[in-house]
Amino acid sequence: MAIGAVSLAVAKACAMLLNKPLYLSIALLKHNQEQPTTLSMPLLMVSLVSCGKPSSGKLNLMKEVICIPHPELTTKQGVEMLMEIQKHINKIIEMPSPPKAETKKGHDGNKRGQQQITGKMSHLGCLTINCDSIEQPLLLIQEICANLGLELGTNLHLAINCAGHELMDYNKGKYEVIMGTYKNAAEMVDLYVDLINKYPSIIALIDPFRKEDSEQWDSIYHALGSRCYIIAGTASKSISKLLEQGNISIPKSNGLIIKHTNQTTMSDLVEITNLIDSKKHITVFGSTEGESSDDSLVDLAVGLGVRFIKLGGLSRGERVTKYNRLLTIEEELVQNGTLATSSSSCDARIGGQEQETMTLVKV
């Protein structure tokens, strides 16, 4: 259980002896001790709201609604934009409910289904909100973006952490998408296709199924894989098993979420990212549950050259520390002239118009 911690400690000691930042030391390890001329910043995957099973609303499907700023924005610009969106979400959550109209008999005149969106801060660093339909959180974010003059699908995109393994009702053998609403695996494929057709700004689905539903992973990959990243997180095997088998295609996906766990060495991380790159998949570097304020994983993500970094929301100290480390690394790369241009990392799923420069602040 100490292997991961010891390996990270050795990497930190090595970086100190070389008088280099940890991310550069990891980059040397990644590139066989040849220092890369430029380094790319991973694209942000920031959790805006959570409305999965832990929430008191009826909606179970969306454990995290995640925002991805346009790749041509700097990390600072992306954080600034997302902080503004989060601020407006907080305002809506804190807004008092309108006075209830009374009928002549004194009954509540509000229509059913118009429940106020309330929320509390979750361990993910974002608000857990109560929603009763799949569209409710998406419409909330869409409305806020419109009020801020931002366009979903151009300035920013969305990803959904479906957490399929948490939706399964094993007694019924079906996914409980909304409280009392169950769908089998085949019906879930249709649900996701309809969702992406209606909201093309969603460019990633994380864990849409349990790993056991391999046939449905194949189906959704063939149906949506060219328009939307299908990403395996919890549904993927452990890094050690992936390296042992050399096969990252089960379940069928466009990419994997990898994490630095107690059993994972720095060499393991280099090997798995090389394997993922060789298969032309994308790598998402994610934070672990119950993590500390250690910001080393940000250095690992930059040094390994991963495509996305998923740290949760922009709240809670252990997460804010990591976002600030991202901003610091970006500043260092700019000052050293070693920051890779963002245009090289654009993708058909998240391409778009060039963005206006925004005011920059630290988290």
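Trainee: On the other side of helix 7, which residues are exposed?

Mentor: Happy to look at that with you. This is a predicted model, in which local features need pLDDT of at least 70, side-chain atom pairs count only at pLDDT 80 or more, and totals for chains, interfaces and linings use all residues. Residues are numbered from 1 along each chain as its sequence is written, and side-chain values use heavy atoms, with hydrogens and water left out. The exposed residues you ask about are Glu 215 and His 222 (exposed means over 50% relative accessible area, buried under 20%, partly exposed in between, with a 1.4 Å probe and protein chains only). Helix 7 itself covers residues 214-224, and its buried residues are Gln 216, Trp 217, Ile 220 and Leu 224. Seen down the axis of helix 7, these buried residues fall within an arc of 105 degrees, so they line one face of the helix; the arc is that of the directions from the helix axis to the C-beta atoms. That buried set packs against helix 6 (185-198), strand 9 (202-206) and strand 10 (229-232), where contact means heavy atoms within 4.5 Å. The element numbers count DSSP runs from the N terminus: helices are H or I with at least four residues, strands E with at least two.

Asn 60 has a relative accessible area of 6%. Leaving aside neighbours within four places in sequence, Asn 60 touches Cys 51, Gly 52, Lys 53, Leu 167, Glu 176, Val 177, Ile 178 and Met 179.
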